[in-house]
Structures are given as C-alpha cells and as structure tokens.
Amino acid sequence: MTTTLITNIGSLVTNDPAIGDGPLGLVKDAAVVLEGDHIAWAGPAANAPAADESVDASGRAVIPGFVDSHSHLVFAGDRTAEFNARMSGQAYAAGGIRTTVAATRAASDEALSENVARYLREALRQGTTTFETKSGYGLTVEDEARALRIAAEHTDEVTYLGAHIVSPDYADDPAAYVELVTGEMLEACAPYARWVDVFCEKGAFDGDQARAILTAGKAKGLHPRVHANQLTYGPGVQLAVELDAASADHCTHLTDADVDALANGSTVATLLPGAEFSTRADWPDARRLLDAGVTVALSTDCNPGSSFTSSVPFCVALAVRDMGMTPDEAVWSATAGGAAALRRTDVGRLTPGARADLTFLDAPSHVHLAYRPGVPLVTEVWRAGARVV
C-alpha cells in the first residue's frame with residue numbers, strides 16, 4: 001500500500017494529547033504519514049519516517065476534516081421571503097417548515113439528490129469531510145422513505161426525522177401522526193437510517209410524544225438524537241440524556257438541571273450558531289456547558305429556513321465571537337466534538353488508525369479560522385487518503 005508523507009506543516013491539530021500539546025494535541029513543524037485511507041503516523045517533522053511519496057504543506061496549518069453532525073439537506077424550494085421578514089423584525093417560529101415540505105413533496109428524486117450533492121460539494125470545499133443529514137421535509141410514509149434513501153446515497157450518517165413537525169395532513173389529529181411516525185413510517189424508513197430524531201419543542205412534539213417516537217426508533221435499531229431546548233425551556237435535554245441519545249442539538253435554553261444532566265451523561269451538546277445568527281435568537285452559552293464538563297460539538301444545522309449555511313468555519317467564528325468559546329475549543333468541537341456526537345472514533349482526529357481526512361488552511365494556525373472570519377482559508381482537503389479539493 002502506498003504511503004504519503006505530508007511534511008512542512010506549520011502547525012498540526014491531531015486532537016490527541018499523547019501526540020502534541022493540550023487537548024488539540026498541537027504539533028508545530030509537523031508531518032503526517034498516510035497509508036492508504038488512514039493515518040499511519042503523526043508528529044514532529046524531524047522524526048517522520050520515510051514514505052513512498054512526499055507532499056510539501058508549505059508551512060500551512062493542517063487540522064482534521066470537519067465533522068458536521070447536524071444538517072437537513074434533502075429539501076427543495078427557497079425561503080428567502082421568510083428570512084427577509086425575520087430580518088425586518090418578525091420573530092422566528094417553526095411553522096415555516098411547512099413551506100419546505102410542500103416544495104420537497106413536489107420535487108423529483110433527481111432534483112433532491114442533486115440538491116444534496118450541491119451542498120455537500122459546497123461543504124467539502126470548506127473542509128467538511130464527514131456529515132450527517134436528516135429527512136423531515138416529506139412527512140408522508142413515501143416521502144420520508146425516499147428522502148432517507150436519497151440521503152443514504154451520499155452518507156452513512158442518515159437520520160430519520162419524520163417527527164420534524166406534525167404533518168399538515170394531520171393538523172387536527174397529532175396523536176394519529178405520532179402513531180404513523182412510530183408505526184408504518186418507521187417501518188419504511190428504518191432500513192435507510194442509523195439515527196432517529198425528534199423536534200421536541202412547543203409547536204412540534206411534547207415530551208410524551210418525543211419519548212414514544214424515540215423509544216419506537218430504538219426498538220427498530222435506530223439510536224436517538226434530539227432537537228432540544230431551541231426555542232424555549234423544555235423536556236428535550238433531560239429526555240435525550242435519559243434515553244442515552246448521542247446528542248441533544250441546539251441547547252439554547254438550559255436550566256441548571258439540564259446542564260448537570262449533560263455533564264453526568266454521555267449525550268453531547270451540539271450547538272448550532274448558524275441558527276441563532278439567522279434568526280436573531282439568543283446565543284447558546286457554550287462557556288457554561290464547557291465549564292460544567294459537558295462535551296460540546298459545533299455544527300451548521302444547514303437547512304433552508306433557519307440556518308442556510310454549509311460553512312463550519314463560519315460557525316467556528318460565531319462560537320468564538322458570541323458563545324464564549326476559545327479558538328481551540330471551537331476547533332475541537334467542530335472536529336472531535338462532531339465525531340463524538342456521531343459516536344465515531346475514526347474521524348475528527350489525526351492519529352494512527354484514524355481515517356485520513358485532512359483540511360489545509362492558508363494560515364500558520366487554526367486560530368485564523370476565528371481571527372479571519374469570512375475569509376476562504378481552506379486551500380486543500382483530503383478525504384480517506386485522497387486529495388478531493
């Protein structure tokens with residue numbers, strides 16, 4: 001198997017304290033050896049072993065590929081008018097999802113698949129090498145199943161979100177919709193998904209409904225994740241921890257009991273600053289969570305309504321500027337934290353045995369992701385040992 005030495009790396013984020021300094025495992029004047037699709041060695045360039053081929057990083061910083069653990073990419077249509085209204089002073093509410101549901105139902109399979117591919121290409125150019133995406137804009141048995149089938153053509157991290165909102169078809173009978181989501185729809189969707197999710201929020205699903213949906217998903221072999229505590233205080237975070245959900249996503253409105261539950265459980269708090277940016281809502285308090293010992297991930301929440309960005313670097317800059325995170329914490333959360341939210345150990349780090357996913361920055365340090373917001377710093381991306389950007 002061919003080996004490739006990438007040398008002359010100005011600073012290398014490994015996310016392994018055994019290799020370098022601090023939680024980022026930071027190594028200055030570093031090198032990495034790739035063997036096939038995985039990392040064979042990482043450390044100081046002066047100690048690098050020989051390899052079949054060599055690549056000069058020209059002093060650039062190298063970090064793990066970003067792990068975007070929360071997105072909604074199987075959709076059609078546009079919600080520019082809704083965004084424009086919000087920016088003109090109107091408050092955000094979850095009801096706008098219905099607009100995308102109508103457009104998505106009307107779209108062809110080919111159009112939906114190309115939409116997913118388009119936004120994934122966009123994300124890849126910005127350093128994202130692992131991503132999760134959900135259904136949730138079909139809300140019928142047929143449309144949710146085809147959304148997941150299409151998503152599964154692009155990623156292994158597929159989430160069943162039939163419980164995004166109550167389908168407009170069941171507006172007068174939410175209990176019947178929950179029965180559909182936990183019954184016939186789940187049966188049709190489970191073969192394509194790894195995860196089950198629910199929007200546990202006023203205007204969507206309450207705690208009892210969310211428990212029923214997540215429990216039914218677990219019984220079919222799907223692991224829970226939860227849209228929790230985005231718009232107001234509620235039971236979502238506590239339910240996520242109780243059911244050992246991989247992540248509780250949003251976590252904007254938290255009680256002390258919610259923070260304690262996250263700190264004492266294995267559920268990752270996934271923060272989605274693009275949503276707060278795009279809705280002018282209160283920022284999640286990342287500092288509070290980190291100081292309590294909670295594992296935090298950063299993700300884009302890329303969707304056409306409340307967070308239409310595929311840029312993890314943008315979210316890193318927002319987290320540092322407005323959520324109390326240090327640049328080191330934000331980069332860790334966007335890489336290793338995202339991997340933890342997907343319960344993956346093969347991505348989000350540059351250590352022997354990990355998948356060879358690397359992002360090169362036109363900068364001497366990862367700190368420039370926050371220091372130079374909005375600047376396209378990603379110059380090169382490797383995924384599974386192959387250069388793809």
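**Chatting through the cores, helices and cavities**

Visitor: Let's start with leucine 139: buried or exposed?
Guide: Leucine 139 is buried, at a relative accessible area of 1%. Buried here is under 20% relative accessible area, exposed is over 50%, and partly exposed is in between, with a 1.4 Å probe and protein chains only. This is a predicted model, in which local features need pLDDT of at least 70 and side-chain atom pairs count only at pLDDT 80 or more, while totals for chains, interfaces and linings use all residues. Residues are numbered from 1 along each chain as its sequence is written, and side-chain values use heavy atoms, with hydrogens and water left out.

Visitor: Thanks! Where is the place of leucine 139?
Guide: It sits in the loop between β7 and α4. Helices (H or I, at least four residues) and strands (E, at least two) are DSSP runs, numbered from the N terminus. Leucine 139 has a phi near 65 degrees, a positive value in a residue other than glycine.

Visitor: And what is phi of asparagine 229 near?
Guide: Asparagine 229 has a positive phi too, near 60 degrees, and is not a glycine. Asparagine 229 belongs to the loop between β10 (223-228) and α8 (236-242), and is buried at a relative accessible area of 2%.

Visitor: On to the cores. Which residues have the most contacts inside the largest nonpolar core?
Guide: Those are Tyr160, Phe205, Leu262, Leu289 and Leu298, in a core of 88 residues. The largest share comes from α4, with 6 residues. Another core, of 16 residues, lies apart from this one, and Ile9, Ala30, Ala356 and Leu358 are among its members. A nonpolar core is a set of buried Ala, Val, Leu, Ile, Met, Phe, Trp, Tyr and Cys residues joined through side-chain atoms within 4.5 Å.

Visitor: What is leucine 298 in contact with, leaving aside neighbours within four places in sequence?
Guide: Its partners include Val67, Leu271, Pro273, Cys315, Met323 and Met325. Contact means heavy atoms within 4.5 Å.

Visitor: Which strand is the place of valine 296?
Guide: Valine 296 is in strand β13 (residues 296-298), and is buried with a relative accessible area of 1%. Beyond its neighbours within four places in sequence, valine 296 is in contact with residues including Val268, Leu271, Leu289, Met325 and Trp332.

Visitor: Now α9. Which residues of that helix are buried?
Guide: In α9 (residues 256-264) they are Asp258, Val259, Ala261 and Leu262. They cover an arc of only 160 degrees around the axis, so they are on the same side of α9; the arc is that of the directions from the helix axis to the C-beta atoms. Asp256 and Asn264 are exposed on the other side.

Visitor: What covers the buried residues of α9?
Guide: The cover includes α8, β11 (247-250), β12 (268-271) and α11 (286-291).

Visitor: Which residues are buried in α2?
Guide: Helix α2 (residues 97-106) has Ile97, Thr100, Val101 and Thr104 buried. Viewed down the axis of α2, they fall within an arc of 110 degrees, so they line one face of the helix. Among the elements covering them are α3 (109-125), α4 (141-152) and β9 (195-200).

Visitor: How much space lies in the second largest cavity?
Guide: About 50 Å³. Its lining includes Asp68, Tyr119, Leu120, Ala123, Phe131 and Cys302. Helix α3 gives the most to that lining, with 3 residues.

Visitor: And what volume has the largest pocket?
Guide: The largest pocket has a volume of about 240 Å³. It is lined by 13 residues, with Gln126, Ser311, Pro313, Val375 and Pro376 nearest its centre.

Notes:
On a 1 Å grid over the protein atoms alone, a cavity is a set of points where a 1.4 Å probe fits but cannot get out, and a pocket is an open set with protein on both sides within 12 Å along at least five of seven lines; lining residues have an atom within 4 Å of a point. Grid points are joined across faces, edges and corners, and a volume is the space filled by probe spheres set on the points.
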